[in-house]
Amino acid sequence: MTIHNLYIFDKNGTLLFYTEWNRLKNSGITREEEAKLMYGMLFSIKSFVAKISPLDMKKGFLCYKTNKYALHYLETPTGLKFILNTDVNAHDVRELLQKIYSQVYVEYIVMNPVCKLDEPIKSELFKEKLDELIKNSPFFVSKSL
Amino acid sequence: ANELLLELLHSELVSYVTNVENKEPGSKQGNLSTLEYFGFSTGFRMIERLTKEWPRFKDELDTVKFMCTDFWSSVYKKPIDNLRTNHQGVYVLQDNAFRFMNKISTGTQYLDVAPMYIAYTSGLLRGALANLGINCHVTAEVQSMPTCKFHIQVQRN
């Protein structure tokens, strides 16, 4: 099992942070374009899911899977969006996303007075702690395909 | 959540003081002495409250030791990690995980803003010692966050 990459968007769709661990195929477009595309797709999925749902939903859109990878989506009450791509067999990814939010983002970005909240993240400490959390998670294995 | 409040309020204080409108023309850091004075008056009052149940201190070293343990713990939830002195009125207090810097960086990133985040605490120390009858200068240095050294130089009359 493996973790591919992570996007963090704020509530206005600004890409706050992007990082990758095992990404074998590149999109062939710039990071900014890719981020816009990603955000646009998530935005559409969210409204699609909300409109088409036959029942009242609590959490809304959670994840999708293709035959090769799974995209996991976490939106906080404040509108922050965490997107993690993993392989299809990864489980408990929600828990990991929640941890990224509560143990890394809140602790090292929100509590860091030097970091502006609506700007891309530059803090080295944040990157370190994030990497540590991902690499210690039980399903991070760099798989050579 | 009490600690959260202190940390956030402190960072707002820092950003208020460093704000463009409060800056003297030409100064890069904003007005550090304002922050230091906030710390001084806080420390001056705080120590009265903290020592109300204590007997008098034996000597200067005893007082500084009190500052390192009880005083520091009550503000920063941990004692000072290292205390050194030359027995001639110079004390060096070292905190290896200074709370106002813990979340900022562990290294040299953002080192340029470090002085802003220690000014208040320097004042706090100076104010507390002043009320205990020790007049001193307090300076601080940061070489790598979040380790912080406070130098206390006692003024003898």
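Is Glu7(B) buried or exposed? With a relative accessibility of 14%, Glu7(B) is buried; buried means under 20% relative accessible area, exposed over 50%, and partly exposed in between (1.4 Å probe, protein chains only).

This is a predicted model, in which local features need pLDDT of at least 70, side-chain atom pairs count only at pLDDT 80 or more, and totals for chains, interfaces and linings use all residues. Residues are numbered from 1 along each chain as its sequence is written, chains are lettered from A and ligands numbered from 1 in the order in which they are written, and side-chain values use heavy atoms, with hydrogens and water left out.

**Stop one: chain B**

A salt bridge is a side-chain nitrogen of Lys or Arg within 4 Å of a carboxyl oxygen of Asp or Glu. Arg99(B) is buried too, at 11% relative accessible area.

Next select Asp95(B) and Lys78(B), whose side chains meet in a salt bridge of 2.5 Å, N to O. Asp95(B) sits in strand S2 of chain B and Lys78(B) in the loop between helix H3 (60–76) and strand S1 (82–85), so the pair ties together parts 17 residues apart in sequence. Helices (H or I, at least four residues) and strands (E, at least two) are DSSP runs, numbered from the N terminus. Both Asp95(B) and Lys78(B) are buried.

**Stop two: chain A**

Select Glu20(A) and Arg23(A), a salt bridge with its closest N and O atoms 3.8 Å apart. Glu20(A) is partly exposed, at 34% relative accessibility.

Over all chains, the whole structure has 9 salt bridges.
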